[in-house]
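Hi,

Here is the structure I promised to pass on. My notes follow below it.

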Amino acid sequence: MAEFGASAKSMAKHLPKATKVKNKHPADRQITAEQLLRESKEIQLEDENFKAPKTIINDPEELAEYRLKKRKEFEDMARRVGRFNLTIWVKYATWEEQQKDFRRARSVWERGLEVNYRNVTFWLKYAEMEMRHRFVNHARNVWDRSVSLLPRVDQLWYKYVHMEEMLGNVAGARQVFERWMAFEPDHQGWQAYIKFEMRYEEVERARAIFERYIQILPSTKAWVRYAKFEMVNSDVGLARSCYERAVEELGEDGQTEEFFIKFAEFEEKVKETERARAIYKYALDHIPKGQAESLYQRFVSFEKQHGDREGIEEVVVSKRRFQYEEEVQRNPLNYDTWFDYVKLEESGGDAEKVREVYERAVSNLPPAMEKRYWQRYIYLWIRYALYEELDAEELERAREVYRACLKLIPHQLFTFSKVWVLAAKLEVRSKRLDAARKILGMALGLAPKDKTFKSYIELEMQMGNIDRCRKLYERYLEWNASNVHAWTKFSELELALGETQRARGIYELAIAQPVLDMPEALWKAYIDFEIGQGERTRTRLLYERLLDRTKHVKVWLSFARFEAEPLPAPEGEEAAAPAEEGDEAPGARAAAARDVYSRAYKSLRESAPDAKEEAVLLLDAWKAFEGGLAGALPEAEVAACLEVVAKKMPKRVKRKRPVRTDDGMEVGQEEYYDYIFPEEAGAAPHLKLLELAYKHKRQKMAEDDEGDG
């Protein structure tokens, strides 16, 4: 150390001091070598400017070593994930291709195909590699194998044909197409074959392909393409023939909206307007309305462009027809829509269409055997029959419609007399009275109804067959003896014939019935009949008999009015002068009426004391009657009678009563007016006190008014 000229002290200054570790515990976060490598790799990936270092190869040995290393990496990858990821094989083969080792590249492609030959992309890349380096036979071999293994993949066929065509091998391309067509591809495959032939102007070959095409794929698209092909070749006749053949061969299922639109557009393009119009109309008649919306719009545009006024009106009708068709398809039991639809067709004047709509409408039976469901439906039949009779003037058809309708109605459950009557009136208008009687007789036998009897009787009355009318009335009353209208009309018939006793006998039978639907109307008719005959005594007896059955105030009032008024003269006789003596004298009539009023008042007060309003009504009528006698009787007598009535008039008072709910709970009070009759005053002495209190209050109010004045 000395020989270098440095002392130990100077050496000690330059040496670093030993570092002492104060904390020898392990750190909380341990960093491993794997973590350092992973972080460095992530930094490299995040850095866009990072580039892997270039490997410079200087001699064949280094190249061989590099290739051996890469192949080993690829083989390891293929061994690990090659069965699940074909991308490894693609990269491997591509690398071998870059090394210009095509034999090894093909080997890699083949090994990949052994793993999964159904991958289309793998086949495409394999064939593209061969074509890229102009290995034509190898590429053809690859395409041939691919289409043999995957014949339903159109892309492989397209590529195969494209390669042969690019090589100028037209015959080979055609042969590939023929192999493809043997598998019956879709429309695009056939179209590609046809375009291929057209590129080389092989029209006849293309036409032959179209014939095969429409046989294998008989569809609207195929036929329309065939027709367009003929149009391109300027052969209008053959193009039209294609459409016509399509109509025949496709049948109803193949005749779609699209097909007819194309057909009509073709005719319009070749200036055949009438043909196009006929096609549109045929299509609208045969295609379901819900599938012809676009067709109808095209038809409207066509008529606006080429049609006249009638044509445009027909289009409007067609539009409404289309709407109605949609509605009836949505709800076939909506009979109002059927009525509108029928009206539309009737305005068009086409009898066959009208009948068709009627038949479709009546075929939709109501959902249940209940009359309320049938009421609207039955009018379709009636309108159908009237159309056949009045518009179409087909009487036999109208009869058939009525027969079908009557056969359809379940008469055991319910019936419709209007149908029977209309069917009979049709026969009457046809001067077939026997047929009309037969129809109405059948109606009475199957399902008798009031309207049927009335119509049958009216028919016989018009014919003047009185005996038949009597028999019908008898049968009517046997069927329904409680029908007051039938009894009344029967009696009126006899009265019109001058058979007074028979009419009276019918009334007597009627009032003797235990049950009547309107007894008050029958009694009134009987009473009016006797009054019309001038029979006061008989009428009075009728009123007495009626009062034995009911004490209603209206009966008493009618009885009193009858007694007070003179009897009218019987029909056919002149009115006689007013009688001065006897029952028809004014005094006698007034006395009889007064007696009736008195009896009525007594009866009401005794039999129904709570019927106070009826009693007041009677007293008001009595008072008006007595007041109306002024001038006909002495004034003193009239005044005395008025005083008698005035004494019977009740007093009107205001009272309160509780208001109760349905469950009996009292919720308040309400005011009402009550009547206090003179005979009730003694039973209610508090009324006198109440009257005195009112009188005292009125006097006090009058004194206060005088003091203020």
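A word on terms to begin with: helices (H or I, at least four residues) and strands (E, at least two) are DSSP runs, numbered from the N terminus. This is a predicted model, where local features need pLDDT of at least 70, side-chain atom pairs count only at pLDDT 80 or more, and totals for chains, interfaces and linings use all residues. Residues are numbered from 1 along each chain as its sequence is written, and side-chain values use heavy atoms, leaving out hydrogens and water.

On confidence, the average pLDDT (the predictor's confidence in each residue, from 0 to 100) is 82 for the protein, and 89% of the residues score at least 70. Residues 1–6 fall below 50, and this stretch has three contacts (heavy atoms within 4.5 Å) in the model beyond near neighbours in sequence.

Now to F84, which sits in the loop between helix 3 (60–81) and helix 4 (87–98). F84 counts as exposed because its relative accessibility is 74%; the cut-offs are under 20% relative accessible area for buried, over 50% for exposed and partly exposed in between (1.4 Å probe, protein chains only).

E427, in helix 23 (residues 417–429), is buried, with a relative accessible area of 5%. Not counting residues up to four places away in sequence, E427 touches R399, R432, A435, A436 and I439.

L522 may also interest you: leaving aside neighbours within four places in sequence, L522 is in contact with V484, W487, T488, Y507, A510, I511 and L516.

Enjoy exploring!
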